[in-house]
Amino acid sequence: MTIEPIHIIGGGMAGSEAAWQAASLGVPVVIHEMRPLRTTDAHQTDGLAELVCSNSFRSDDWEYNAVGLLHEEMRRAGGLIISAGDRHRVPAGSALAVDRDGFSADVTAALSAHPLITIARGEIDGWPPKDWSSVIIATGPLTSDKLAQAILAKTGEDSLAFFDAIAPIVHFESIDMNRAWKQSRYDKPGPEGDGAEAYINCPMTKEHYESFIAALLAAPKTEFKEWEGTPYFEGCLPIEVMAERGGETLRYGPMKPVGLTNPHNSGTKPWAVVQLRQDNKLGTLWNMVGFQTKLKHGAQQDIFRMIPGLEGAQFARLGGIHRNTFLNSPALLDAQLRLKADPRVRFAGQVTGVEGYVESAAMGLVAGRMAAAERLGREVPAPPATTALGALVNHITGGHLLGESGIAKRGSFQPMNVNYGLFPEIGPIDLKGPDGKRLKGADKGRARKRLMSVRALNDLEVWLQGQMAPARLAS
Ligand SMILES: Cc1cc2nc3c(=O)[nH]c(=O)nc-3n(C[C@H](O)[C@H](O)[C@H](O)COP(=O)(O)OP(=O)(O)OC[C@H]3O[C@@H](n4cnc5c(N)ncnc54)[C@H](O)[C@@H]3O)c2cc1C
């Protein structure tokens with residue numbers, strides 16, 4: 001029986017992994033890669049899986065770091081990107097950094113040598129032809145303009161973003177609720193039925209506010225690359241740009257202190273208030289409302305920890321504004337990563353709203369397995385949400401808060417690296433150290449991460465057992 005190929009558009013981190021997974025399951029694949037005939041503003045070579053900037057896959061510690069756990073899950077799932085990364089490892093302490101040329105050459109050679117994989121060089125400049133019955137679009141943050149326009153035409157004008165304007169996200173457990181409190185302005189439920197305690201509020205005195213503004217103005221900022229342009233629009237200005245417009249601008253904007261009473265100090269009105277809004281259904285992550293920023297990452301941590309209640313803040317993600325093409329995935333994709341409006345088409349990689357080399361490859365791994373299974377008349381369920389792979393799928397298809405209409409609020413879905421805040425909580429735990437004493441603070445946090453990682457690997461095994469294991473690369 002002849003099996004029709006899966007067409008994968010884009011031979012980057014996600015497309016390469018998706019192709020490897022599908023072909024390893026016995027399904028033919030055509031990878032359509034536009035380079036070198038047409039290139040992007042960041043890629044330099046014609047190699048598949050080119051790393052466009054840093055050569056790091058970040059922490060390789062599976063016990064205590066969510067991206068390290070993702071590495072380990074991808075190893076166990078026979079991932080090409082991680083096995084090539086392991087083979088081309090360069091010294092980087094506890095991180096996995098790679099020789100970028102050797103890594104890309106290895107991935108290109110493995111895919112070129114596979115009998116079920118064809119590599120077709122050329123841009124796909126419109127919606128995939130009707131006779132391609134299974135397609136994965138993995139064209140990344142720099143998707144070519146013509147394809148981006150075709151995606152927009154298919155999905156609607158609010159469905160595709162061309163820049164991310166990211167506000168920092170804080171782990172709930174690191175917010176000091178003895179200083180902050182929950183309340184919506186004027187105790188009003190929001191237009192989409194949010195409760196009267198939908199926000200966490202951090203109060204500032206006049207002195208706090210003035211030193212905060214001074215620190216913002218003095219802090220180092222990152223510049224846009226020449227080709228990125230300056231994508232500011234009035235509704236979404238970086239906080240430091242607002243501060244430059246005048247010392248009071250933020251107090252009349254996102255930090256306005258109106259409609260709120262501080263229960264820890266009800267006699268004194270705050271001079272300014274920083275608000276955080278729940279970011280995931282689990283309630284473990286909260287984003288700083290209106291705090292999109294181009295401040296350098298080190299400066300962000302120092303300055304945002306000046307805010308009362310956030311002195312010990314742990315950030316799941318820091319702010320940024322970059323050129324980045326990504327879908328409003330929670331509204332557009334189903335749990336099989338298929339486009340609801342045209343289910344023969346899946347999306348994978350950074351264009352789905354994950355962030356980073358490893359996360360993008362991870363979504364290629366899942367999409368490749370799902371598409372191949374479908375071709376073989378089977379179905380691979382999404383990985384359990386307790387795994388790093390599943391937590392990412394859940395972020396892009398199910399974990400984000402939706403409005404009453406069931407549609408993700410415009411602009412509220414933003415790309416994310418993997419982090420423990422995306423995982424379901426482990427339940428009440430009473431952990432004891434070697435001395436028999438109950439663990440507290442950072443020690444308890446570390447122990448909790450390890451428990452989550454062990455749970456993830458156990459649950460991953462169950463998910464993998466339900467599928468045919470792809471061949472591992474010879475090492
Ligand atoms: C300037 C910049 C710097 C970055 N730095 C980092 C970093 O340091 N660390 C990190 O983890 N992440 C970084 N990223 C994010 C990184 O690009 C992604 O995490 C990762 O490469 C995304 O993988 P992907 O497979 O989704 O897309 P890519 O790896 O970009 O692959 C997409 C592929 O699709 C091809 N393509 C696009 N349109 C078409 C088309 N119409 N037809 C055919 N082929 C097409 C492209 O040529 C490309 O090969 C950076 C991104 C940018 C833009």
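The model is predicted, so local features need pLDDT of at least 70 and side-chain atom pairs count only at pLDDT 80 or more, while totals for chains, interfaces and linings use all residues. Residues are numbered from 1 along each chain as its sequence is written, and side-chain values use heavy atoms, with hydrogens and water left out.

**Q467**

Q467 counts as buried at 14% relative accessibility; buried means under 20% relative accessible area, exposed over 50%, and partly exposed in between (1.4 Å probe, protein chains only). Display the backbone oxygen of W463: the side chain of Q467 reaches this atom at 2.8 Å. A polar contact here is a pair of N or O atoms within 3.5 Å; within protein, one must be able to donate a hydrogen and the other to accept it, and residues adjacent in sequence count only if both atoms are side-chain atoms. Not counting residues up to four places away in sequence, Q467 touches R369 and V380, contact being defined as heavy atoms within 4.5 Å.

**Helices α10 and α11**

Next, select residues 357-375 (α10) and 388-397 (α11), whose axes come within 10 Å and cross at roughly 90°. Axes are lines fitted to C-alpha atoms, for helices over the stretch in contact, and angles run from 0 to 180 degrees between N-to-C directions.

Which residues of α10 and α11 make the contact? From α10 they are E359, A362, M363, L365 and V366, and from α11 they are L389, L392, V393 and I396. By class, this contact has eight nonpolar, no polar and one charged residues. Here Ala, Val, Leu, Ile, Met, Phe, Trp, Tyr, Cys and Pro count as nonpolar, Asp, Glu, Lys and Arg as charged, and the others, Gly among them, as polar.

Keep α11 selected. Nine of its 10 residues are buried, so α11 is largely enclosed by the rest of the structure. Among the buried residues are A388, G390, A391, H395 and T397.

**Helix α4**

Move to residues 100-113. Helix α4 has 14 residues and reaches 20 Å from its first C-alpha to its last, close to the 20 Å expected at 1.5 Å a residue; the expected span is 1.5 Å times one less than the number of residues. At the N-terminal end, D99 caps α4, with a side-chain oxygen 3.1 Å from the backbone nitrogen of D101. Colour G102, F103, S104, D106, V107, T108, A110 and L111, which are buried. The cover over the buried residues of α4 includes α1 (13-24), β2 (29-33), β3 (56-59), α3 (80-87), β5 (95-98) and β6 (117-121).

**Backbone features in loops**

Where does P36 lie? Its place is in the loop between β2 and β3, and a cis peptide bond joins R35 and P36, with omega about 0°. A49 is also found in the loop between β2 and β3. Although not a glycine, A49 has a positive phi of about 50°, and its relative accessible area is 0%, so A49 is buried.

Then select L337, in the loop between α9 (329-332) and β16 (338-339). Phi of L337 is near 65°, a positive value in a residue other than glycine. L337 counts as buried, at 0% relative accessibility.

T325 is found in strand β15 (residues 320-327) and is buried, with a relative accessible area of 1%. What lies around its side chain? A polar atom of the T325 side chain lies 2.8 Å from the backbone oxygen of P141, and a polar contact of 3.1 Å joins the side chains of T325 and R323. Beyond four places in sequence, T325 touches residues including L142, L160, F162 and V351.

Finish at A150 in helix α5 (residues 145-155), which counts as buried at 14% relative accessibility. Leaving aside neighbours within four places in sequence, A150 is in contact with G126 and W127. A distance label from A150 to H297 will show 35 Å, C-alpha to C-alpha, across 147 residues in sequence.

Conventions
Helix = DSSP H or I, 4+ residues; strand = E, 2+ residues; numbered from the N terminus.
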